[in-house]
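Reader: Hello! I would like a close look at one part of this model, with the terms spelled out as we go.

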Amino acid sequence: MNIWELVIQQPMINVLIVTSGFLANSFGLAIVVMTIVINVAMVPLTMKQIKASKAMQDLQPKLSELQRKYAKDKQKLAQEQMRLYRESGMNPAGCMVPMLIQMPIWIALYQSIMLSLAVAPEGLLNLSKYLYPWESVYTLLPLSRSFIGIDMASPNMVLALLVGATMWLQQKMSTPMSSDPRQAQQARMMLWMMPMMFTFLALSFPAGLSLFWVTSSLVRIAMQYYVTGWGGLIPKRVEETAVTGQKKYVKFTSDSERADAEQAASDIDVSDEKGLGYVKKPDKTRFQPGKDRRRHPRKK
Amino acid sequence: MSGLKFKKGTAARIIFLSAVLLLVVLASSCIQGLYPVGWSGGAVSGDTLYVGSQEGKLVAINLTNESRRWSTELTAPRTGFNFGCIGPGGGAPSGVAIYGTPALSGDLVYLAGYNGKIYAFTADSLEVRWLYPREGYLEPVVSAPVVSQGKVFIGVGDGKIYALDAATGDKLWEFATGDNVWSTPVIEGDTLFVGSFDHNLYALDINNGTEKWRFQTEGAITASPLVREGNVYIGSFDRNLYALDINSGAEKWRFAAENWFWAQAIAVDGTVYAGNQDSKVYALDAASGTKQAEFNLDSPAASVPVQVGNNVVFASREGILYRINTEGNTMTRLADIGTEVLGPLTANEGIIYIHTQDLTLHRVNAETGAVMMSVSLESEE
């Protein structure tokens, strides 16, 4: 066995098998419990990651403003971005590092589930080399593959759809709509692409793996809710109706809202002086009754 | 989504990110033993060796001139999924996996596939004489068919032992165990012995399938029993090798090893030789179970050994063949074929045949250990 198998896979496989022994020989339940336990063990890292991405999202309007302002001066843009990160106490790699630490653990759990399932006869034979000399480990194998009527070793349509649905929900919660059209498009694309891709994968993988993905997503939904609430799942009251180049038009749901927005706009100081904030008054701000009711502005 | 228009860089970034993620998922999912490949052993009749290939075909090899004939490919009810992983031999696995060694009787060759069908082929033309079931499929079959008294017996993944008419394929009886049956039945007189994943070894009447006795171990049984001089020897996943009385199933002795007894043991002159997944072969006194010797292999012993003269030959998973002299209980390294060995060994006229998962039949001289030129089982289509 190599180091990866010895240090990561072997312990996980044995714990999975013993756990299923404690759970009425149900490997499905063992997958659920192990996924939750590992998620809970990694709560500090996950929370750090969620908070870091939330902070990054909060900074997004300012970053967009910088991009607009220094569109033609990349060096200046980089300097200003770094200054913004520094002043906000943000580390751009803050969301990546916890994710990179967690990645091997997820891959190990995922591989351990596949190995323990022993889908093919070769898989069962291969499993013997991972076993600790514990009485229960030897006698429990091969594991019972049936879980709530689903064969854990074969693909399952219901679980595959659940994989996509929970993944979409979790991503939707963690991705608020950006005011930057490019980022909004990117976020919208990722919101659909990832769940669709995983649904497709789940349709060709054993259901045990889908169960692991669904459980992981549900746990992360709970954590996301704890940090950001429903996040991007609940749309904001002020809707962006159209985006054309650098101009932005908004639709207000009431007169008082419009009055508040106009008051706020008049309070904004516009300056190129450093350190006073990163708000730039739009080139043209106006409210156009009638015209702005259209979803897509008429081309000129 | 269709209304979205992307800048060139944005679309490229999304595609790149998705591709990386897909690659990570697929790369980490490619673990050994994810899809069925097969490990059929060979059966020899005259100068022809029959073996089930990883292409899902019965292959007949003329041992004199090495010419080969192939049956038509077995068909599967569903396509196997390999999760984008690379199969043995470089490509994705194709065809129905065949685990059981073909059985020969008269002019027919019997074979079962992981597709859940049992076949009788004509030995000369390799055409299908009959198949069971005629419509639909059973659960996957890992066990090998056994022919006796005009009947074919086989264990199936649905936990049943089937007895079929050897000439027509009609079902004569079935017996349900409590779980999957991978063990190949062994017939002695009118009794069939077979192990099951439900931890039991069963003794059944071959005429009607009624149970004579059963013996419960603490683990699943994949090995075939060994019947010799009034005893039945069976290894279990509970790490014990048991000796039972052939008539009553009463336990005579048990020997504890450190891992699973996966494959059938072999007996020579009052000594039982049993390979274990702990990478050892144990030589035990057949009457008392006393350990006479143990031999360390380089890796687990998964394949069924063969007897050649006064020697028994074991193969380790890593592909090294060991010869144990049964007179002095001494072991020598016979040959290294350089590839993983999972299936049973076959011996014929001083040559050991080893079918490996790279569509190859290896040949080793049992006397000298010389590795002879291998035979490819890849069909010439």
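Reader: How are helix 3 of chain A and helix 10 of chain A oriented to each other: roughly parallel, roughly perpendicular or oblique?

Author: Happy to walk through it. This is a predicted model, in which local features need pLDDT of at least 70 and side-chain atom pairs count only at pLDDT 80 or more, while totals for chains, interfaces and linings use all residues. Residues are numbered from 1 along each chain as its sequence is written, with chains lettered from A and ligands numbered from 1 in the order in which they are written.

Helix 3 (residues 43-69) and helix 10 (residues 207-228) of chain A pack at an angle of about 50 degrees, and their axes are 10 Å apart. Helices here are DSSP runs of H or I with at least four residues, strands are runs of E with at least two, and both are numbered from the N terminus. Axes are lines fitted to C-alpha atoms, for helices over the stretch in contact, and angles run from 0 to 180 degrees between N-to-C directions. Helix 3 of chain A and helix 10 of chain A are therefore oblique to each other; angles under 35 degrees count as roughly parallel, over 145 as roughly antiparallel, 65 to 115 as roughly perpendicular, and the rest as oblique.

On the helix 3 side, A:T46, A:M47, A:I50, A:K51 and A:K54 meet A:M223, A:Q224, A:V227 and A:T228 of helix 10. Contact requires C-beta atoms, placed from the backbone, within 7 Å. These contact residues divide into four nonpolar, three polar and two charged. Ala, Val, Leu, Ile, Met, Phe, Trp, Tyr, Cys and Pro count as nonpolar, Asp, Glu, Lys and Arg as charged, and the others, Gly among them, as polar.

Helix 10 of chain A also packs with helix 8 (residues 157-174) of chain A: their axes come within 9 Å and cross at roughly 20 degrees. That makes helix 8 of chain A roughly parallel to helix 10 of chain A, and their crossing is left-handed. Among the contact residues are A:L159, A:V163 and A:Q170 of helix 8 and A:L211, A:Q224 and A:T228 of helix 10. By class, this contact has 14 nonpolar, seven polar and one charged residues.

Methods
Two residues are in contact if their C-beta atoms, placed from the backbone, lie within 7 Å. A crossing is left-handed if the near helix is turned anticlockwise from the far one by less than a right angle, and right-handed if clockwise.
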